[in-house]
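Here is a walk through one protein model, from a helix and its surroundings to a few loop residues. Keep the sequence and the coordinates open as you read.

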Amino acid sequence: MKTFIPSGKIYQVVFYVLIVVFFSCINTKKKDNAETTVENAKTESKPFFKLSLAQWSLHRTFNDDGVSPFEFAKMSKDLGFEGLEYVSQLYNSQVQEFGFDVVIDSLKTLSELNKMQNVLIMVDGEGNLADPDETKRNEAVENHKKWVDAAQKLGCHSIRVNTFGTNDPELWKETVVDGLRKLATYAATKNIDVLCENHGWLSSDAPKLMEAIHAVNMPNCGTLPDFGNWCVKRKDGAQWGECEEEYPDKYQGIEMLLDAAKAVSAKSYDFDENGNETTLDYPRILQLVKDSGYKNFIGVEYEGARLSEKEGLLATKELLLNSVATLK
């Protein structure tokens, strides 16, 4: 049953979208020094990928600074990106205020007016697809379906899902396959892929995640390898927080996940004086990505604290582009 949305609310969000559109048509302001440096960065080779921006790179901008997430398309364009990777949880208040369909329609309009390509939606907070309780697992599948529909409407190719529910390997092997298969079966009717990121717990255990993907055995169920996110066990069994155990070889893990990759996330945390990521060998990882034959979008996702969000994501973008020249 469709939720009734008061007409005043619809007019309010439409008015907001029109205001954003108006300003997006004004000539772009001069970029600051950091952006100019990135745009002028020279590489010896043309990238084998296109660049998208993961909206989580700006989560403090939207959650703490009061900037509307409807600004995402324009901000990404101004920062020199081609694609958009949405984060569902950043629109919770807008969905509550305006309604789900109005929000998705507005995002579609704004992406088109800014000539940006919608790539995927990262879905959080819709239940655990590997929950041992089948009723709860099925509820999670149902909750994700509206985001499959949204991805289709926006022209995205995928949604990224989490695989929480249990951290018991044997139980997870059964429950995650069941949840993913049910969701992927629905997503296939919409021509949408369901992607699993190494995003903590058993999803960050590359062999176990690949075993699950192979067991699902559906062409629209694949992976989204993230350069970071290799914590397989956190303190007190929490989903997030202090990490107690990491997957031992992140490069091997990335290489394994690339076998089923339909998207890639370039995570970064901090940079040294030469612009290199302090915990990740970007040229080595990009060589793995290139060797796998992957040629689609790579999403920039800065998650550090020392630099501002804008500085961090631009530093990540520059490192990706500069690393291309080192590849074979």
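Helices here are DSSP runs of H or I with at least four residues, strands are DSSP runs of E with at least two, and both are numbered from the N terminus. The model is predicted: local features need pLDDT of at least 70, side-chain atom pairs count only at pLDDT 80 or more, and totals for chains, interfaces and linings use all residues. Residues are numbered from 1 along each chain as its sequence is written, and side-chain values use heavy atoms, with hydrogens and water left out.

Start with helix α8, residues 169-188. The expected span of a helix is 1.5 Å times one less than its number of residues. At the start of α8, a side-chain oxygen of D168 comes within 3.1 Å of the backbone nitrogen of E170.

Now look at what α8 hides. Buried means under 20% relative accessible area, exposed over 50%, and partly exposed in between, with a 1.4 Å probe and protein chains only. Buried residues of α8 include W172, V176, L180 and L183. Their cover includes α7 (134-154), β4 (158-161), β5, α9 and β6.

Contact means heavy atoms within 4.5 Å. Leaving aside neighbours within four places in sequence, L180 contacts L129, V161, V194, C196, V216 and C221. A nonpolar core is a set of buried Ala, Val, Leu, Ile, Met, Phe, Trp, Tyr and Cys residues joined through side-chain atoms within 4.5 Å. The largest such core has 98 residues, and L180 is among those that touch the most other members, as are I121, I159, F227, I298, L313 and L320. In soluble globular proteins, nonpolar side chains tend to be buried together.

Next, the loop between β5 (193-197) and α9 (206-216), where L202 lies. L202 counts as buried because its relative accessibility is 7%. Among the residues L202 touches, beyond four places in sequence, are D168, P169 and W172. L202 and Y247 are 45 residues apart in sequence, yet 9.6 Å apart in space, C-alpha to C-alpha.

Finally, two backbone exceptions. Most residues other than glycine have a negative phi. K115, not a glycine, has a positive phi of about 55 degrees. K115 sits in the loop between α6 (100-113) and β3 (117-122). Is K115 buried or exposed? At 71% relative accessibility, K115 counts as exposed. N229, also not a glycine, has a positive phi of about 60 degrees. N229 lies in the loop between β6 (221-224) and β7 (231-234), and at 15% relative accessibility N229 counts as buried.

Methods
Polar contact = N/O pair within 3.5 Å; in protein donor to acceptor, adjacent residues only side chain to side chain.
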